[in-house]
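Let's take a walk through this structure together.

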Amino acid sequence: MTRMYIQHTNILRENLSRAEFCILSKQLRKSIKAFKNKIKLRMDEYDEMYGIEDDFEQQFADELEVMAEMDPFPGESPRIGKVSEFRNRKHTFEEALTSADSALTRPDTAAAPEREDDESLTPKAKKRKQDVAKKLHFHEDEDGGEIIPPSSPEEHQRSERTRSGFSLSLSPDRPVAAGTLSVLDISGLEVLQESPKRATTPRHALKRPPASGDFITVTDCTGNRVYLRKNHEQDQQTPDPRFFRNTQNALGLLTVPIEVLREQVSERRHRQLVEESQRLTELLNSGVDPELLVGEVTENTEDENVKACDESSASRLWVDRFAPQHYMELLSDDFTNRCLLKWLKLWDWVVFGRERKPCPPTAESRANSTGAQNQHQNQRFKTKSQITEEILEAELDQYKRPKLKVALLSGPPGLGKTTLAHIIAKHAGYNVVEINASDDRSAELFQKRIDMATQMKSVLGADEKPNCLIIDEIDGAPAAAISVLLATLNRKDSREGGDSTSNPLKKKKKKESVLLRPIICICNDLYTPALRPLRQQAFLLTFPPTQQSRLTQRLAEITRQQGMKADTGSLMALCEKTDNDIRACINTLQFLHGRGRRQLDQRVVNSMSIGLKDQNKGLFSVWQEIFQLPRIKRKRIGGDPFGVFEEAGLKDGSQRLQHIVHLASSSGEHEKLTQGLYDNFLSMKLKDPSLTGVCSGLDWLCFSDLVNECVFHGQNYSLMRYLPFLPAAFHHLFAANSVPRISYPNSHYEGLTKTQHTKNAVVAMLAEIPPSIRSRVCQNNLCLDVLSLLLELICPKLRPVNPQLYSMREKQQLCELIDTMINYNLTYRQERTAEGQYTYVLEPNIEDVVRFPGVPPRRQLTYQVKQLIARETELERMRRVERAQQKRNPQTETVEEVKEVKKPQAKKQTSRNHHQRLENIVKQTVVESKPETDFFGRAVAPKEKPSAHSATDEDGRPGGSRIGKAVGNSDVWFRFNEGVSNAVRRNVYIRELL
Amino acid sequence: MSLWVDKYRPTSLAKLDYHKEQANHLKSLVQCGDFPHLLVYGPSGAGKKTRIMCLLRELYGAGVEKLRIEHQSIVAPSKKKIEINAIASNYHLEVNPSDAGNSDRVVIQELIKTVAQSQQIQSSTQREFKVVLLTEVDRLTKDAQHVLRRTMEKYMGTCRLILCCNSTSKVISPIRSRCLAVRVPLPSTEEVCSVMMSVCKKEGLILPPELAKRIAEKSGRNLRKALLMCEACRVQQYPFSADQDIPETDWEVYLRETANAIVNQQSPQRLLEVRARLYELLTHCIPAEIIMKGLVCELLSNCDGHLKPEVAQMAAYYEHRLQLGSKAIYHLEAFVAKFMTIYKQFMEDGLDNFMF
């Protein structure tokens, strides 16, 4: 038969126009069910006529896919055919055993029998021929018939169906079952009267991949997938060449040349196909559910198959089974649907404008859209929708594309976004290419897939429909992938512009496959950060919730169809429970159905916890629900009139509690939730004057804190289940009828940052404190005891005069102050305030650590004093550093000595002669004298100390005499006249002055 | 050494001003050149660290006073780098492991082990062991304390531990049993006074005994605080007068005002204000226990005698929970709310009784 088919194709090539042939090959993809139906009906008539070709068809089936629209090459085609000849071979073998006339057609052996098969229609062969073969035949006929009418999207579907049906018959199971009965179907034109053992047709399309061996997957338009087993290629290949020889060297055994016969056959066949297709279209148009067809198919098959099919149909989700197939069946909001369709229609110019043949569906949907437009003109829309309309009516850009090249559908799950996108794309005549979260969406792969979908088109599938890319669940895609998408959008512009002028090669390419295709993105959360750039360039469509009435109606239809009893009230309750989520409703129904429930009433719906979605509400709405009592109105919805009170009672009690617990546990952010409750509960309207409610609320908070501690520090996660009861308790305690005003909880966070700030200041201060003091103060001590008093200590009462005018006591006070400041690593830093004034602030700013709001501010030093202190501190620090350096790498003895001699002398000189003017320096010497005891050597230190003591003991201002005494020993003094410009300039170091 | 606290700190056991008997005990303890692990505990400002340093000086001589700061960085098994500062002399090492927060276990494991495992080279001139001084042991996590107990035994030959803490209640009992516990109580008011007097005398100032007593009382016998207050007084006004203002720490003032606010009014709004104030205290690094304690003291002094036991019991209850939990603010506020309820109830009852 295969061979015959090839011949047939040859003939077809001759007879039919090229276009027709293409259509023919398309037709091969028709649904199993339709096909089998027809088998049953027409078996008897067609057997004889097309029997010859059956085998060919079989053999050739796969090749058809490959060949698609191209002219099949006679030489090539037989070799490519993948479907095995196994059955054929077997039969021929048997035949050979039984009858002497025909030689064996062993694949390995001679080609002679083949000849016989083809050309001589022997009676024996006729008898042996089986109905299976006829059936096969049949399909082909149908296919041919159906091809002829113009291709509309619906017909494409149908053709797909038939095709799959065809492939079913190819599957190798059959030979086994048919076994002994079937021989080579040689008798092309003979009519077989009896149709014996029709029931024996085994299952060829498997619902699951076969356990062993190769298989091909075939998916029909409804998304059903079947698997076809492949046989070994050896089997197929061998017979083919033989066949060819046979066809060419006709033996002339027939009275009428085989060509003539074939022409007749094809003519008749053509007629039959036309009839058949008409019949089929009628069938489809009359709206027979595909399920029915499936049912019939299962009837036909053997017990085993019946079972399998039943299982499979039962396991199919209702959501899929009852998914809308047409635009008119959509449940989602009409306006949204229309907008998306209109947007898609904006692409028509680009996509279909240069199309060779006009696309009928386009026209159809155009009519639809204009209808919608009229409708919309009659209605008054909100401003937002008007904006959307404006976008849709805006002009196309220079490439005849709409301004916004991507549509972005957003809305919570279960509204039918994906369904809508698919149906509309199909409706507008596109071939849908979907990328969803289950695909790898790394940037490179994403790019590749986008390019594939938008720039290429399928050549094999025989659907010439352009692609429409649907990117589902885009909010989960990585940001890189989205930027790739954006780049694709924007890149196209420039490249196209550049190409048209510069690169002829690419231009050609572009002409071939239309570059621009619509892209529809679907997401749940429109405000995902990754989507931000896309939002600006996309045509945004937000899905409003499904209308309850429509959903209920649809649910009622489904229940009716499935033999469930459900009243409208309970269905509405179900809708309400799932927040009008179509998917959840249908799934719940199926679940109940699967459990054997055939009756759905209010009580079941209410008591059932399965329909509840694990929904994630915003924190604010959760808080709101916790602090607000449910309204009476809400309770009444969906409740039958007499059940209201009962239900209300329920809601007040355990149900409300359950609701809050559910809400809290599904929100997942317990920490935030608790914090929000804590921050807000005191601002609620509290009824109890004795604060007992507040107390127990806080006790709950304490409890949950302990539980949290246990959970996260003891890893005792089983306790986590008690956490959601805190919101429930709060609801019980604080819920009120009025709408709560809730602010976002940031007290905890603020507290944390402030604490960190404080700690940083303390740590910075601690870092530089010398170890001897450091060992005595730790952070706690500092905060509690030291710092506050230290701030008092470093604010002595200093007269705001030149420090040179200070009394000895004051000077000493200043020295001590500076020493303290250095020891505790404090200094004043000049800062400019916002008003432009300069102030000195402590660095590190421990005033922030100590100061509390509301406590009377402590006395501050004046600006001048701070300036003075800052300068002195700086000087002292420099001196200490210098000293430390000297200590570390001492110079040669002599230099050191000279210096040591000189320095005190210099000091003394200056102080003697310029006691009044150089007060500052004097003070420095005093400052230095204390810490320097170890450095200056024993000679200086003991002398000075007693003197200082005695000085302080004697009277208020002994400094002069003391210094005078010390200074009197030296011969060197130094004078610096300020403002004299004729002086020799040279660098003078502090150490030289000291 | 400019602050009086630092300047006049005694450096040898013999020079200690109070608890002289204890000082003698310590002296005799180290006289043989060796001593067991010590657990020195006592309230803040009692002179624990001073005593420890005196002890070390007694043991090693003046060398222990040459201190330096060592910056140690330890890599935890989780590859986390922990920076910790240790104060060290040639003979001892002082660490505050709780600076490392939750990773204090690693600090104990690594830092102390490295010290303890190294043998002293010149054992003739030095002691055979080094001393590791751990401060704020009560803030160590339980993990770290458990690490410590084995370390203490294992490296007894090369190292002695001196643990310093405020309260032993947070030190696990295995550690307590391995140490000789030395309690350093607060000096009495008289002792504080005498110390202040002697310091003032060394400074050449005249401190009126009344003022000294007032300072001692105000400081809560915390010697550090008393000396700082005394010095602050001096900065404010000299010559001293017996009735001059004694500067206080700001947080104490703030806490007192908070307590007054609680007593004055009991309403959710007031509770919100109190919450803000409590947050303020916490963010200024005032430990929650101290806040609780201060609050209770102030509240107790403000409420009727009948209420006192109940309030005290509540305070204990909530403080216990506070220690167990992690969010101090909840527990503090819960205590405040509870007090408000009790107090309000009491006042209303009192009013009723008065009227009828």
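Start with a term we'll need: a salt bridge is a side-chain nitrogen of Lys or Arg within 4 Å of a carboxyl oxygen of Asp or Glu. One thing to keep in mind is that you're looking at a predicted model.

One example to look up is the pair Arg224(B) and Asp785(A), whose side chains meet with 3.2 Å from N to O. Which parts of chain A supply at least two residues each to the side that touches chain B? They are α33 (670–680), α34 (692–713), α36 (747–767), α37 (771–774), α38 (779–793), α39 (808–823) and α40 (846–850). Sorted by class, that side of chain A has 31 nonpolar, 17 polar and 18 charged residues.

Now zoom out to the whole interface. Chain A brings 66 residues to the contact and chain B brings 69. Together the two chains bury about 6300 Å², with 59% of that on carbon and sulfur atoms. Polar contacts turn up here too: 22 residue pairs across the interface, both residues at pLDDT 80 or more.

Next, the cysteines. A disulfide is a covalent bond between the sulfur atoms of two cysteines. How many does a search of the whole structure find? The answer is 0, over all chains. Take Cys783(A): the closest cysteine sulfur belongs to Cys285(B), and at 4.4 Å it's too far for a bond, because a disulfide needs the two sulfurs within 2.5 Å. Is Cys783(A) buried or exposed? With 7% relative accessibility, Cys783(A) counts as buried. Cys710(A), on the other hand, comes out at 40% and counts as partly exposed.

Let's finish inside chain B.

You'll find Val40(B) in strand β1 (residues 38–41). It counts as buried because its relative accessible area is 4%, and the cut-off for buried is under 20%. Setting aside neighbours within four places in sequence, Val40(B) is in contact with several residues, including Lys48(B), Ile52(B), Ile162(B) and Val184(B). Also, Val40(B) and Cys179(B) are 139 residues apart in sequence, yet their C-alpha atoms are 9.2 Å apart in space.

Note on methods:
Residues numbered from 1 in each chain as written. Chains lettered and ligands numbered in written order. Predicted model: local features only at pLDDT ≥ 70, side-chain atom pairs only at ≥ 80, totals over all residues. Heavy atoms only, no water. Buried < 20%, exposed > 50% of the residue type's maximum accessible area, 1.4 Å probe, protein only. Contact = heavy atoms within 4.5 Å. Buried area = accessible area lost by both parts, 1.4 Å probe. Polar contact = N/O pair within 3.5 Å; in protein donor to acceptor, adjacent residues only side chain to side chain. Helix = DSSP H or I, 4+ residues; strand = E, 2+ residues; numbered from the N terminus. Nonpolar A, V, L, I, M, F, W, Y, C, P; charged D, E, K, R; others polar.
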